Amino acid sequence: MGRLIEAILFGALAWYTTTLIAPLFPEGTNLGYFHEVNTVFGLIAGWSIAGPRAGTGYVAAFSYGLTALVAMVVMALFFNSFVVMIGQSLLKRYDGPGEAVTDVFALFVEHAAMIMTPQILATLLIGGFVGGLITEFFGRRFS
């Protein structure tokens, strides 16, 4: 039960955080499946990282909630940076594959800096901690 609860909670956290991030992009940016992709990463992080640890104690809940949060953000940032790189590559903006690969990491840093606002950071941290605590509650009750 802990896996399902954590997957749902982190999926919802990813969806909500993505709605906070979307206005930070330049006007007219086509975000495509940005919300859905980030939500999937939230589901994956909740299911595979935090969910299996449910029932290990409330102090550990802070730890696995934060671990799942960091994993979710890193996966989403890397994937979205990779997608931007592929789009730029198809427009022939790179001189070679090495430049394209290194640009993924530059885009990763650029996107990470863009989302470092107090509102987004607070949402992520509080959501990660609360998600861990709620999962721990359900993990103790239903395992």
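**Labels and their cut-offs**

Modeller: Gladly! In the protein, 77% of the contacts with a separation of 6 or more are between residues 24 or more positions apart, a contact being heavy atoms within 4.5 Å. This is a predicted model, in which local features need pLDDT of at least 70, side-chain atom pairs count only at pLDDT 80 or more, and totals for chains, interfaces and linings use all residues. Residues are numbered from 1 along each chain as its sequence is written, and side-chain values use heavy atoms, with hydrogens and water left out.

Biologist: What is the mean pLDDT of the protein, and where is confidence lowest and highest?

Modeller: The mean is 90, and 99% of the residues reach 70 or more; pLDDT is the predictor's confidence in each residue, from 0 to 100. Helix 5 has the lowest confidence, at a mean of 90, and helix 4 the highest, at 93.

Biologist: How many helices and strands are there?

Modeller: The protein has 5 helices and 0 strands, where helices (H or I, at least four residues) and strands (E, at least two) are DSSP runs, numbered from the N terminus. Its C-alpha atoms fill a box of roughly 55 × 30 × 20 Å along the principal axes.

Biologist: Why is Gly-57 called buried?

Modeller: Its relative accessible area is 9%, and buried means under 20%, exposed over 50%, partly exposed in between (1.4 Å probe, protein chains only). Gly-57 therefore counts as buried. This residue lies in the loop between helix 2 (34–50) and helix 3. Not counting residues up to four places away in sequence, Gly-57 touches Glu-136 and Arg-140. The C-alpha atoms of Gly-57 and Glu-136 are 6.8 Å apart, although the two are 79 residues apart in sequence.

Biologist: Helix 5 also has Thr-123 and Val-130. Why is Thr-123 called buried, and why is Val-130 called partly exposed?

Modeller: Thr-123 has a relative accessible area of 17%, so it is buried. Val-130 is at 40%, so it counts as partly exposed. Leaving aside neighbours within four places in sequence, Thr-123 is in contact with Leu-13, Tyr-16, Thr-17 and Leu-20.

Biologist: How many aromatic pairs does the structure hold, and what makes Phe-25 and Phe-34 an edge-to-face pair?

Modeller: There are 5 aromatic pairs. For Phe-25 and Phe-34, the ring centres are 5.4 Å apart and the planes are at 85°. Rings of Phe, Tyr and Trp (its six-membered ring) pair if their centres lie within 6.5 Å; planes under 30 degrees apart count as stacked, over 60 as edge-to-face and the rest as tilted. The pair is therefore edge-to-face. Phe-25 is buried at 18%, and Phe-34 is buried at 9%.

Biologist: Which residues make the nonpolar surface patch, and which helix gives the most to it?

Modeller: Phe-78, Phe-82, Ile-86, Leu-90, Val-101 and Phe-105 make this patch of about 590 Å². Patch residues have over 30% relative accessible area and no salt bridge, with like charges joined within 9 Å and nonpolar side chains (Val, Leu, Ile, Met, Phe, Trp, Tyr) within 5 Å. A salt bridge is a side-chain nitrogen of Lys or Arg within 4 Å of a carboxyl oxygen of Asp or Glu. Helix 3 gives the most, with 4 residues, and Phe-105 is in helix 4.

Methods:
Areas by Shrake-Rupley, 256 points an atom, 1.4 Å probe, with all protein chains shown as cover.
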